[in-house]
Amino acid sequence: MQTGRCQCGEIRYESIGESLGLFICHCLECQKQSASAYGITLDVPRAGFRVTQGTPKYWSRVTDSGKNLKCAFCPSCGSRLWHEYESTSEKTISIKAGSLDEPVDVSNAIHV
């Protein structure tokens, strides 16, 4: 199990199950979201993910593929926590890896 939280601690979550991949994305959207040169996401099974404390807010945007992407963040501190497609047929959630309680090992991350 992996756990994570926002910067102020108001929102907490957990993910049960094997992670599906660690990605370092250099696209302009990830640069804007992270205010850095890249964003780091850990894809996990949607079925094993749940919020354990607090209520996140969501901001949505249309992706290049035309799908609506919901971006979860803390309403108090503004930390971005995860992304999920609005369609429930999608099987994964992309956790913003910096919000995890335990740091990830980026040595085997996939750069996109």
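Ser15 is placed in strand 2, where strands are DSSP runs of E with at least two residues and helices are runs of H or I with at least four, both numbered from the N terminus. The model is predicted: local features need pLDDT of at least 70, side-chain atom pairs count only at pLDDT 80 or more, and totals for chains, interfaces and linings use all residues. Residues are numbered from 1 along each chain as its sequence is written, and side-chain values use heavy atoms, with hydrogens and water left out.

**Overall fold**

- Along the sequence, the elements of the protein chain follow the order β-β-β-α-β-β-β-β-β-β-β.
- The radius of gyration of the protein chain is 13 Å, close to the 13 Å that the globule rule gives for 112 residues, so the chain is as compact as a globular protein of that length. The radius is taken over C-alpha atoms, and the globule rule is 2.2 Å times the number of residues to the power 0.38.
- The C-alpha trace of the protein chain spans about 30 × 30 × 30 Å along its principal axes.
- In the protein chain, 54% of the contacts between residues at least 6 apart in sequence join residues at least 24 apart; a contact means heavy atoms within 4.5 Å.

**Confidence**

- The protein chain has a mean pLDDT of 93, with 99% of its residues reaching 70 or more; pLDDT is the predictor's confidence in each residue, from 0 to 100.
- Among the elements of the protein chain, the lowest mean pLDDT (84) belongs to helix 1 (residues 28-34), and the highest (98) to strand 2 (residues 12-15).

**Surface and charge**

- Of the 112 residues of the protein chain, 36% count as buried. Buried means under 20% relative accessible area, exposed over 50%, and partly exposed in between (1.4 Å probe, protein chains only).
- The protein chain exposes about 6,500 Å², of which carbon and sulfur atoms supply 50%. These areas come from the Shrake-Rupley method with a 1.4 Å probe; for residues, only the protein chains shown count as cover.
- There are 12 positive and 12 negative side chains in the protein chain, and the centres of the two sets lie 6 Å apart. Lys and Arg count as positive and Asp and Glu as negative, while His and the chain ends are not counted; each charge is placed at NZ of Lys, CZ of Arg, CG of Asp or CD of Glu.

- Ser15 counts as buried, with a relative accessibility of 0%.
- Leaving out residues up to four places away in sequence, Ser15 touches Met1, Gln2, Val44, Gly48, Phe49 and Ile95.
- Between Ser15 and Gln2, which are 13 residues apart in sequence, the C-alpha to C-alpha separation is 5.2 Å.

- Beyond its neighbours within four places in sequence, Arg61 is in contact with Glu29, Lys67, Asn68 and Leu69.
- Val62 has 54% relative accessibility and counts as exposed; it touches Lys67 and Asn68 when residues up to four places away in sequence are not counted.
- Val62 and Tyr85 are 23 residues apart along the chain, and their C-alpha atoms are separated by 9.7 Å.
- Lys67 lies in the loop between strand 6 and strand 7 (68-73) and is partly exposed, with a relative accessible area of 38%.
- Apart from neighbours within four places in sequence, Lys67 is in contact with Arg61, Val62, Tyr85 and Glu90.
- Lys67 and Glu86 are 19 residues apart in sequence, and their C-alpha atoms are 7.9 Å apart in space.

- Ala35 lies in the loop between helix 1 and strand 4 (39-45).
- Although Ala35 is not a glycine, it has a positive phi of about 55 degrees.
- Ala35 is exposed, with a relative accessible area of 73%.
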